[in-house]
Amino acid sequence: MSHDMDASLPWLDALKWDSDGMIPAIAQDVSSGRVVMFAWMNRDSLLETVRTGNAVYWSRSRGRLWRKGEESGNFQKIRSIRADCDGDVLLLSIEQEGGIACHTGRESCFFFELNGERWVPADPVLKDPKEIYAK
């Protein structure tokens with residue numbers, strides 16, 4: 001039995017949403033090819049992403065739509081949106097404004113590297129978070 005996505009369905013219905021109405025979304029920098037972020041999307045955030053051309057996620061901690069860059073100014077401009085073969089993960093090809101995707105001031109949220117039995121930060125902080133989020 002095939003578990004492939006049925007692309008003949010309306011585009012939102014073709015996706016496989018989890019029991020909470022969420023789908024994992026991976027953000028990949030279009031120029032470097034580096035994976036910079038992982039977050040969740042629901043139908044509303046995906047619709048808003050498509051409508052605005054900027055990445056909008058569902059923040060489980062805030063319980064609301066999270067427009068990436070709304071506080072930091074580091075918006076993610078969408079270049080393309082792809083789904084995997086079975087339609088249960090999205091890959092967003094993005095242009096990362098400011099070159100910083102992580103709230104720690106780094107290029108990518110994936111900066112911890114396993115070294116023996118310890119996680120060590122492998123990437124530099126490009127901008128102090130206190131400067132990024134200064135109110």
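Modeller: Rings of Phe, Tyr and Trp (for Trp, its six-membered ring) are taken as a pair if their centres lie within 6.5 Å, and planes under 30 degrees apart count as stacked, over 60 as edge-to-face and the rest as tilted. With that rule, a search of the whole structure finds three aromatic pairs. One of them joins Phe 38 and Trp 40, an edge-to-face pair with 5.5 Å centre to centre and 75 degrees between the planes. Another brings together Tyr 57 and Trp 66, and this pair is tilted because the ring centres are 5.4 Å apart and the planes stand at 45 degrees.

The model is predicted, so local features need pLDDT of at least 70 and side-chain atom pairs count only at pLDDT 80 or more, while totals for chains, interfaces and linings use all residues. Residues are numbered from 1 along each chain as its sequence is written, and side-chain values use heavy atoms, with hydrogens and water left out.

As to burial, buried means under 20% relative accessible area, exposed over 50% and partly exposed in between, with a 1.4 Å probe and protein chains only. Tyr 57 and Trp 66 are both buried, whereas Phe 38 is partly exposed, with a relative accessible area of 38%.

Tyr 57 also belongs to the largest nonpolar core, a set of 19 residues in which Met 37, Met 41, Leu 46, Tyr 57, Leu 90 and Leu 92 have the most contacts; such a core consists of buried Ala, Val, Leu, Ile, Met, Phe, Trp, Tyr and Cys residues joined through side-chain atoms within 4.5 Å. The elements that give two or more residues to this core are strand S1 (23-29), strand S2 (35-41) and strand S6 (90-96), and S2 gives the most, with four residues. Helices (H or I, at least four residues) and strands (E, at least two) are DSSP runs numbered from the N terminus.

Helix H2 (residues 43-52) holds Glu 48, which is buried, with a relative accessible area of 15%. Leaving aside residues up to four places away in sequence, Glu 48 touches Gly 53, Asn 54, Val 56 and Arg 67, where contact means heavy atoms within 4.5 Å. Leu 47 is also found in helix H2, but Leu 47 is partly exposed, with a relative accessible area of 39%.
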